[in-house]
Amino acid sequence: MENIHSLLTVSISEFKQNPGKVVEEAQGQPVAVLNHNRPAFYTVSPELMAQMAELYDEHQLSTLVESRLKSVDRSVKVNLDDL
């Protein structure tokens with residue numbers, strides 16, 4: 001059994017016939033494309049992809065900030081005039 005991370009699904013055969021129609025009918029929602037009733041891939045609108053990319057970037061930045069905050073006790077104070 002596999003989890004499907006989408007409320008909408010379509011067979012790979014139907015998707016191949018008209019991928020643009022599938023994306024249009026999804027109205028911005030992700031669609032799981034199934035091959036033998038198992039998710040082969042997901043298709044999303046460009047707007048949703050941009051949102052996901054932004055969330056991913058924010059997560060990566062958050063991870064970097066957290067790791068740097070852990071080492072703040074080893075920081076060296078610097079006077080900006082000395083730079």
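User: Leaving out residues up to four places away in sequence, which residues does Ser6 touch?
Analyst: Keep in mind that this is a predicted model. Ser6 sits in the segment before strand S1 (8–11). Skipping residues up to four places away in sequence, the ones Ser6 touches are Pro30, Val31, Ala32 and Tyr42.

User: Is Ser6 buried or exposed?
Analyst: Buried means under 20% relative accessible area. Ser6 comes in at 13% relative accessibility, so Ser6 counts as buried.

User: Which backbone oxygen lies 2.6 Å from a polar atom of the side chain of Ser6?
Analyst: Let's look at what that side chain reaches. At 2.9 Å there's the backbone oxygen of Leu8. At 2.6 Å, the oxygen belongs to the backbone of Pro30.

User: How many bridges join S1 to S2?
Analyst: These two strands run parallel. As an example of who faces whom, Leu8 stands opposite Val31 in S2. The number of bridges joining S1 to S2 is 4.

User: And what is the bridge partner of Leu34 in S3?
Analyst: S2 and strand S3 (residues 38–43) run antiparallel, with 5 bridges joining them. In S3, Leu34 has as its bridge partner Pro39.

User: Which residue takes a positive phi in the hairpin of S2 and S3?
Analyst: This hairpin has 2 residues between its strands. The phi in question is near 55 degrees, and the residue that takes it is His36.

User: Is Gln27 buried or exposed?
Analyst: You'll find Gln27 in the loop between helix H2 (19–26) and strand S2 (31–35). Exposed means over 50% relative accessible area. Gln27 has 70% relative accessibility, so it counts as exposed.

User: What distance separates the C-alpha atoms of Gln27 and Ser67?
Analyst: Along the chain, Gln27 and Ser67 are 40 residues apart.

User: Which backbone nitrogen does the side chain of Ser45 reach?
Analyst: Ser45 is in the loop between S3 and helix H3 (46–70). With a relative accessible area of 9%, Ser45 is buried. At 3.1 Å, its side chain reaches the backbone nitrogen of Leu48.

Definitions and conventions. Residues are numbered from 1 along each chain as its sequence is written. This is a predicted model: local features need pLDDT of at least 70, side-chain atom pairs count only at pLDDT 80 or more; totals for chains, interfaces and linings use all residues. Side-chain values use heavy atoms; hydrogens and water are left out. Buried means under 20% relative accessible area, exposed over 50%, partly exposed in between (1.4 Å probe, protein chains only). Two strands pair if DSSP finds at least two bridges between them. A polar contact is a pair of N or O atoms within 3.5 Å; within protein, one must be able to donate a hydrogen and the other to accept it, and residues adjacent in sequence count only if both atoms are side-chain atoms. Contact means heavy atoms within 4.5 Å.
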